[in-house]
Amino acid sequence: MNNGKSRVSVFENAYLTIESLFFGYFGFFLINSLSMAILDGRALAKAIRQELADQVSVLAAEQKRSPHLAAVLVGDDPASQAYVRNKVRSCEKVGFQSTLIRKPGTISQAELMAIVQQLNADDSIDGFIVQLPLPKHLDDTEITLAIDPAKDVDGFHPVNIGRMAQGLPCYIPATPLGIMEMLKRYNIDTQGKEVVVVGRSNIVGTPMSILLSRKGNPGNATVTMCHSRTQDLAAHVRRADIVVAAIGRPAFITADMIKPGAVVIDVGINRVDAPETDKGYKLIGDVDYKVIAPQARWITPVPGGVGQLTVVSLLMNTLRAYRKEVYP
Ligand SMILES: NC(=O)c1ccc[n+]([C@@H]2O[C@H](COP(=O)([O-])OP(=O)(O)OC[C@H]3O[C@@H](n4cnc5c(N)ncnc54)[C@H](OP(=O)(O)O)[C@@H]3O)[C@@H](O)[C@H]2O)c1
């Protein structure tokens, strides 16, 4: 009995040694292939800005004018002012022309509609945006509908959204366009993957769901879109190969919701108190980055991730408008 037992255990030991060598070897690659990497929005935005600047240089060499973006800013909301300033500055950085039209918060709907009509008719302007949100007395839906879809570089007009849903040429809203560009340039495979988008806003969650589910690359994913009425949100997110969090709640997505090896795209930008910093606050995402990062395959930091690509995406749309690629 003893001999037999010891013979078995010799074989067992030999097997275990081979097994541990085998799995140790492949385990290394498995762990290595699961190791986390950062989707660096800052570096990507810089590379795209350079590409845009190069295209402007080519146009200048051909004695052609550069693309021209106009922005309408109504009122004195500090966040809107900062966004628009950033857009204008980004135009300058790549050599685009920009026009900023500032109007007081007391402007009437008719006056603002007249500005939109002027911009629609101005051939020297390729695309324009009306910075949202507008003061409460103004009807932003009427304004959005009045923008010529061919100049709607924000991609908010229902004609562009409808075209996007049908996979036709269109302007894609800047944040989803930036995410698609990131997935493409980092070669992240979305085909057949389980994608869970948390958030269904018109500017982020809904377009992301459409873009990733439609045919294309990136695309061809199986998409679930979650929102505040979703039951057992954690169970949905836990299934995801790719999570897109666009909620607007700091560190809402926690580590227990993330499948090891998932790709995590954090769209959220939330200001939270941080007395230890000079400003007294810091920006964090919708994802609990510190604990989730080690178990994710790819993850976007906040700041330095998706947000960096939003403005360059607007510039990409402006170049397409200049080239009349969407509406020849
Ligand atoms: N990186 C960028 O450039 C960029 C651009 C745009 C936005 N953002 C940021 O992204 C975040 C989302 O922006 P947004 O404009 O899409 O926000 P939003 O319009 O407020 O939409 C938030 C979405 O999250 C859902 N939601 C809220 N609480 C939830 C909960 N407890 N469980 C599940 N879903 C919940 C809402 O569901 P309901 O529809 O049911 O209310 C809604 O669909 C914000 O932090 C914003 O600052 C960043």
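How many residues does helix α7 (residues 174-185) have, and what distance does it reach from its first C-alpha to its last? Helix α7 has 12 residues and reaches 16 Å, close to the 16 Å expected at 1.5 Å a residue. The expected span of a helix is 1.5 Å times one less than its number of residues. The model is predicted: local features need pLDDT of at least 70, side-chain atom pairs count only at pLDDT 80 or more, and totals for chains, interfaces and linings use all residues. Residues are numbered from 1 along each chain as its sequence is written.

**Figure 1. Overview of the protein.** The secondary structure comes to 11 helices and 11 strands; helices (H or I, at least four residues) and strands (E, at least two) are DSSP runs, numbered from the N terminus. Of the 328 residues in the protein, 38% are buried. A residue is buried if 20 or more other C-beta atoms lie within 10 Å of its own, exposed if 12 or fewer, and partly exposed in between, with C-beta atoms placed from the backbone. Among contacts with a separation of 6 or more, 67% join residues 24 or more positions apart; two residues are in contact if their C-beta atoms, placed from the backbone, lie within 7 Å.

**Figure 2. Helix α7 and its cover.** Of the 12 residues of α7, 10 are buried, so the helix is largely enclosed by the rest of the structure. The buried residues include P176, G178, E181 and M182. Their cover includes helices α2 (41-61), α8 (205-213) and α11, together with β7 (242-245) and β8 (263-266). After α7 comes N187, with a positive phi near 55°.

**Figure 3. The largest nonpolar core.** This core has 84 residues, and those with the most contacts inside it are V197, V243, V244, A245, V264 and L315. Helix α11 (residues 306-322) gives the most to this core, with 10 residues. The core draws at least three residues from each of domain 1 (61-152) and domain 2 (167-309); the domain bounds come from an automatic or database domain assignment. A nonpolar core is a set of buried Ala, Val, Leu, Ile, Met, Phe, Trp, Tyr and Cys residues joined through C-beta atoms within 7 Å. In soluble globular proteins, nonpolar side chains tend to be buried together.

**Figure 4. V264 in strand β8.** V264 lies in β8 and counts as buried because it has 28 C-beta neighbours inside 10 Å. Leaving out residues up to four places away in sequence, V264 touches V243, I258, V287, I292, A296, I299 and T300. I242 is 22 residues from V264 along the chain, and their C-alpha atoms are separated by 5.9 Å.

**Figure 5. Helix α11.** The 17 residues of α11 should span 24 Å at 1.5 Å a residue, which agrees with the 25 Å between its end C-alpha atoms. The helix is mostly covered, with 17 of its 17 residues buried. K324 follows α11 and has a positive phi, near 55°.

**Figure 6. The shell around the ligand.** The ligand is surrounded by 25 residues, of which the closest are G199, S201, S228, G248 and T310; a residue is near a molecule if its C-beta atom, placed from the backbone, lies within 6 Å of it. Helix α11 gives the most to this shell, with 3 residues. By class, the shell has 10 nonpolar, 12 polar and 3 charged residues. Ala, Val, Leu, Ile, Met, Phe, Trp, Tyr, Cys and Pro count as nonpolar, Asp, Glu, Lys and Arg as charged, and the others, Gly among them, as polar.
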